[in-house]
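The following exercises concern the structure shown below. Each task is followed by a worked solution.

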Amino acid sequence: MAASARGVPWALLRLGVPSLWRCRSLRGLCARLRRQSGRAVSSRSVAGVIGPGVSGTDLYCMELLRKRDYEGYLCSLLLPAESRSSAFALRAFNVELAQVKDLISEKAIGLMRMQFWKKTVEDIYCDNPPHQPVAIELWKERNLDDKAYRNIQELETYAENTQSSLLYLTLEILGIKNLHADHAASHIGKAQGIVTCLRATPYHGSRRKVFLPMDICILHGVSQEDFLRKNQDKNVRDVIYDIASQAHLHLKHARSFHKKVPVKAFPAFLQTVALEDYLRKIQQVDFDIFHPTLQKKSTLLPLSLYIQSWRKRY
């Protein structure tokens, strides 16, 4: 997609307004979301969200997710009650794997931690199988080399192996076995992986690392040093535009399956609300990846997610 089309508005998500009879329940749900997303999480409040029989491990998973994957945390709150506990466990496991690279100082230590998690999964399935299938594609060890993606396809492959796999398992938790839902999950996962790469660019830059696809950077004559220096020139913004446009295209493809996907599967795809929110914001700041507004949490996200859950679409 040509960079000259940057000014053309995207057909982004338009949130509807719930009917008046839902207002009371909407206010109550939003109040609950605000309470749950606060700093303190009590056993009673967690039990009210996850369900009866909440344990210390449920508390750990929920709190880990709230701190490290806030959007996934909010989306999990809106899943059917019988699926929340499994979803929290699944996403918390994904967080544990995702943060390996941030917690290590040497690649060898990272490989040891990844091997630990691999053995843990094997032990779970051999000795004490979980109630719901909770497993994801482990991070590729080569990612510990801290190398930029060679091209956008490599980033998409990584996103498919991580984010899309997480969505496949969420669908399984919901009891959904549908080819069209799987296709939508594949595209949404790729979009999420691309957006995550964009959102993490300022953080990675502070550690003198850049993971953006090299082919797009080369196309626009941009070096890694441009991102380390927080360069805001047009060619740098064009790189971000091209990458963000690819995420937007995946969301568009995902919606092409909308009429063929079972309504019961839609809660698994609530993450699209947060993805659209970020893509809308980055467009508003003319694709300045370092703009401070992109680093702030959306205060309206809980409300947007709740409205979207009522609309029964993604």
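Helices (H or I, at least four residues) and strands (E, at least two) are DSSP runs, numbered from the N terminus. The model is predicted, so local features need pLDDT of at least 70 and side-chain atom pairs count only at pLDDT 80 or more, while totals for chains, interfaces and linings use all residues. Residues are numbered from 1 along each chain as its sequence is written, and side-chain values use heavy atoms, with hydrogens and water left out.

**Exercise 1.** State how many helices and strands the protein chain has, and what share of its residues is buried (under 20% relative accessible area, with a 1.4 Å probe, protein chains only).

*Solution.* Step 1: the protein chain contains 15 helices and 0 strands. Step 2: of its 314 residues, 53% are buried.

**Exercise 2.** Determine which helices each supply at least two residues of the lining of the largest pocket.

*Solution.* Step 1: among these helices are α3 (56-68), α8 (152-173), α9 (179-199) and α14 (271-284). Step 2: by class, the lining has 19 nonpolar (Ala, Val, Leu, Ile, Met, Phe, Trp, Tyr, Cys and Pro), 13 charged (Asp, Glu, Lys and Arg) and 13 polar residues (the others, Gly among them).

How values were computed:
Buried < 20%, exposed > 50% of the residue type's maximum accessible area, 1.4 Å probe, protein only.
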